[in-house]
Amino acid sequence: MSTLSWLFPSRRPAPLPADGASVLDRLEARLGVPLRGDARIILAGQIEVAVQRIRASHSLSSAALIAQREGSRIAAMLPRPFGMTIGTILADELVRGHGHAHTQRH
């Protein structure tokens with residue numbers, strides 16, 4: 001029965017909706033290093049704002065557009081080499097979080 005668990009989606013535990021802290025944790029995991037100092041403070045606050053904006057979207061495509069815009073906006077606040085590194089990764093993580101929240105609503 002466990003091999004057929006994909007047939008019974010209601011039996012799977014519902015994924016938790018994304019919040020700023022989980023997005024920041026996944027970002028650090030993808031970068032392979034923990035963020036420290038001003039970069040962490042800036043990212044923590046701005047990611048929370050971005051997550052709230054993305055949650056307001058009703059479709060995954062609009063969430064992807066908002067995530068891209070928010071990722072670029074946040075990356076612009078950081079030193080240029082670091083911002084260029086995390087811009088697309090951050091947008092990807094923001095959308096990934098919305099996808100979990102979106103499937104839980106339906």
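Tutor: Let's start with a term: a salt bridge here is a side-chain nitrogen of Lys or Arg within 4 Å of a carboxyl oxygen of Asp or Glu. Keep in mind that this is a predicted model, where local features need pLDDT of at least 70, side-chain atom pairs count only at pLDDT 80 or more, and totals for chains, interfaces and linings use all residues. Residues are numbered from 1 along each chain as its sequence is written, and side-chain values use heavy atoms, with hydrogens and water left out.

Student: OK, how many salt bridges does that rule give?

Tutor: The count comes to 8. One of them pairs Glu28 with Arg40, with the closest N and O atoms 2.2 Å apart.

Student: Where do Glu28 and Arg40 sit?

Tutor: Glu28 is in helix 1 and Arg40 in helix 2, 12 residues apart, so the pair links distant parts of the chain. Helices are DSSP runs of H or I with at least four residues, numbered from the N terminus.

Student: And is Glu28 buried or exposed?

Tutor: Buried, at a relative accessible area of 13%. Arg40 is partly exposed, at 31%. The cut-offs are under 20% for buried, over 50% for exposed and partly exposed in between, using a 1.4 Å probe and protein chains only.

Student: What does Glu70 pair with?

Tutor: Glu70 forms a salt bridge with Arg53, the closest N and O atoms being 2.8 Å apart. Glu70 lies in helix 3 and Arg53 in helix 2, so this bridge ties together parts 17 residues apart in sequence. Glu70 is buried, with a relative accessible area of 1%, while Arg53 is partly exposed at 40%. Glu70 also meets Arg73 in a salt bridge, at 2.6 Å from N to O. Those two are 3 residues apart in helix 3, about one helical turn.

Student: Switching topic: which residues touch the most other members of the largest nonpolar core?

Tutor: Leu27, Leu43, Ile47, Leu90 and Leu94, out of 20 residues in that core. Helices 1, 2, 3 and 4 each supply at least two of its residues, and helix 2 gives the largest share, with 6. A nonpolar core means buried Ala, Val, Leu, Ile, Met, Phe, Trp, Tyr and Cys residues joined through side-chain atoms within 4.5 Å.

Student: What does Leu90 touch?

Tutor: Leaving out residues up to four places away in sequence, Leu90 touches Val23, Leu27, Leu43, Ile47, Gly71 and Ile74. Contact here means heavy atoms within 4.5 Å.
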